[in-house]
Amino acid sequence: DSIAFDSWDGGQYTKYRIWKMKSDGNGKIELLAGRQPRWSGNYIYFIGSDSAGIGVFQSKTSGRITKNIFNQPNPNQNINNLRILNNFLLLQAGGLAIYKIDINNSLFNVISNDQIDDSGFDISPQGKIAYVLFNLKVTTTQGTIWLMNIDGSNKHQLTFNNY
């Protein structure tokens, strides 16, 4: 019955804000600073920052932050492409690795160190991750779509560049 979304006012030094509103567009309220909100049960997961740096946080839908789930592994790498499947958060850090984080205990592991394009990745309800492998050049494997399981296994190329 509600929608969570982020907005940015375009200012160089301002932050993204996460909002919640009813599905009919009424009752819009600002929850907190952050971006890429993802809803799961009574919680919103989002990318934000605190004194430890950029990370992924969990918030009650009321806007109160309940815990920090994950801190960026490298201060020079952004976190983006946040996704949720069942009890797992998946995200991309620094345009490279895809991390899988267990929401229940905040344990995480890298499921791919492939150089993933900034366009990111997506995940199907069956746990298949699709991504574009790209390291600034197009070859028979680079600049193509790949598929793998949620644990990083069974990587295989879906599209091919023919030269």
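**Close-up views of side-chain pairs**

**View 1. Glu-30 and Arg-17 meet in a salt bridge.** Glu-30 is partly exposed, with a relative accessible area of 42% (buried means under 20% relative accessible area, exposed over 50%, partly exposed in between, with a 1.4 Å probe and protein chains only). This is a predicted model, in which local features need pLDDT of at least 70, side-chain atom pairs count only at pLDDT 80 or more, and totals for chains, interfaces and linings use all residues. Residues are numbered from 1 along each chain as its sequence is written, and side-chain values use heavy atoms, with hydrogens and water left out. Arg-17 is partly exposed too, at 31%. The N to O distance is 3.4 Å (a salt bridge is a side-chain nitrogen of Lys or Arg within 4 Å of a carboxyl oxygen of Asp or Glu). Arg-17 lies in strand S2 (residues 17–22) and Glu-30 in strand S3 (residues 29–33), 13 residues apart (strands are DSSP runs of E, at least two residues, numbered from the N terminus).

**View 2. Asp-122 forms a salt bridge with Arg-83.** Their closest N and O atoms are 3.1 Å apart. Asp-122 sits in strand S12 (residues 116–123) and Arg-83 in strand S8 (residues 79–85), so the pair ties together parts 39 residues apart in sequence. Asp-122 is partly exposed at 42%. Arg-83 is buried at 18%. The structure holds two salt bridges.

**View 3. Phe-46 and Phe-57 form a stacked aromatic pair.** The structure has six aromatic pairs (rings of Phe, Tyr and Trp, the last by its six-membered ring, pair if their centres lie within 6.5 Å; planes under 30 degrees apart count as stacked, over 60 as edge-to-face and the rest as tilted). Here the centres are 5.7 Å apart, with 25 degrees between the planes. Phe-46 belongs to strand S5 (residues 43–50) and Phe-57 to strand S6 (residues 53–60), so the pair ties together parts eleven residues apart in sequence. Phe-46 is buried at 1%. Phe-57 is buried at 4%.

**View 4. Lys-28 places its charged end over the ring of Trp-19.** The distance to the ring centre is 4.4 Å (a charge sits over a ring if NZ of Lys or CZ of Arg is within 6 Å of the ring centre and within 35 degrees of the ring normal). Lys-100 lies over the face of Phe-88, 4.7 Å from the ring centre.

**View 5. Ring pairs join Phe-70, Tyr-99 and Phe-108 in a cluster.**

Notes. Helices (H or I, at least four residues) and strands (E, at least two) are DSSP runs, numbered from the N terminus.
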